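The entries follow the order in which I looked things up.

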Amino acid sequence: GLIYHNAIAKVNRKLKNTKIISDEDIDCYIDDSWIDIGSQNDLYRHKIRKGLKKYVDYMSENMNEILAVEKPLSMSVDSIRIKGRADLLYENINGEIILIDFKARKFEAILETHVDYQLKFYSDALKNDGHEIHKSIAYPLEEDYLNHDSIEIDIKDNKDIYVLLND
C-alpha cells in the first residue's frame, strides 16, 4: 500500500500544477516510490501502473482543480486532539468539493474498517478550516473495476462517533 500511496501523492501533486500526466510520469513516480517486494515485483508494478492510469483518466475527465494534497488536519473534541492527513481535496467539474482518502484494499474491505468515522473527522476538520465538503470518497486502490459513483461514503448521520469520544 505504501508504494501505491506515495506514487498517487506524486501524481496528485503533478495534477495540481499541470493537469497533465504522461505514461512516463507514472513510470517515474512508481520508480521513485518503489520498495523491493521480492518475487511479486513485476506483477505489483503492473497492477499499480494500471490503477494509476485509470485514476489519471478519471481525474482528467472529472477534476476542475486540486485544492490540497496530503493536507494536515487537526481538530479538538472536548479535551481530545485528533490529527490526520487528507490524501486529496479537489473541486470537480460540477463545482463540488470532494475529499478522497486512498485505501490499499478493495471497497468491501474498506467498509469493514469504519472509514466513515475517519472521513467524518476529516470533513469536520476541513469545514472548521473553511472548506465545504460535498462528497467524501474512500478510493479503493486495489479494485480492478471501479464504479466511481458507488465509492462515496455517507458521513452526514455519523454523529455517534463524538458520543463515543465523550464516554
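In which hand does H1 cross H2? I noted that the model is predicted, with local features needing pLDDT of at least 70, side-chain atom pairs counting only at pLDDT 80 or more, and totals for chains, interfaces and linings using all residues. Residues are numbered from 1 along each chain as its sequence is written, and side-chain values use heavy atoms, with hydrogens and water left out.

I took helices (H or I, at least four residues) and strands (E, at least two) as DSSP runs, numbered from the N terminus. H1 passes H2 in a right-handed crossing (the near helix is turned clockwise from the far one by less than a right angle).

I then looked up the angle: H1 and H2, the latter being residues 23-33, pack at about 135 degrees with their axes 8 Å apart. Axes are lines fitted to C-alpha atoms, for helices over the stretch in contact, and angles run from 0 to 180 degrees between N-to-C directions. H1 and H2 are therefore oblique to each other, since angles under 35 degrees count as roughly parallel, over 145 as roughly antiparallel, 65 to 115 as roughly perpendicular and the rest as oblique.

For the contact (heavy atoms within 4.5 Å), I found Ile3, Asn6, Ala7, Lys10, Val11 and Lys14 of H1 meeting Asp25, Tyr29, Ile30, Asp32 and Ser33 of H2.

Turning to the sheet, I recorded an open one of four strands in the order E1-E2-E3-E4, with mixed pairing (two strands pair if DSSP finds at least two bridges between them). The edge strands, each pairing on one side only, are E1 (63-77) and E4 (135-140).
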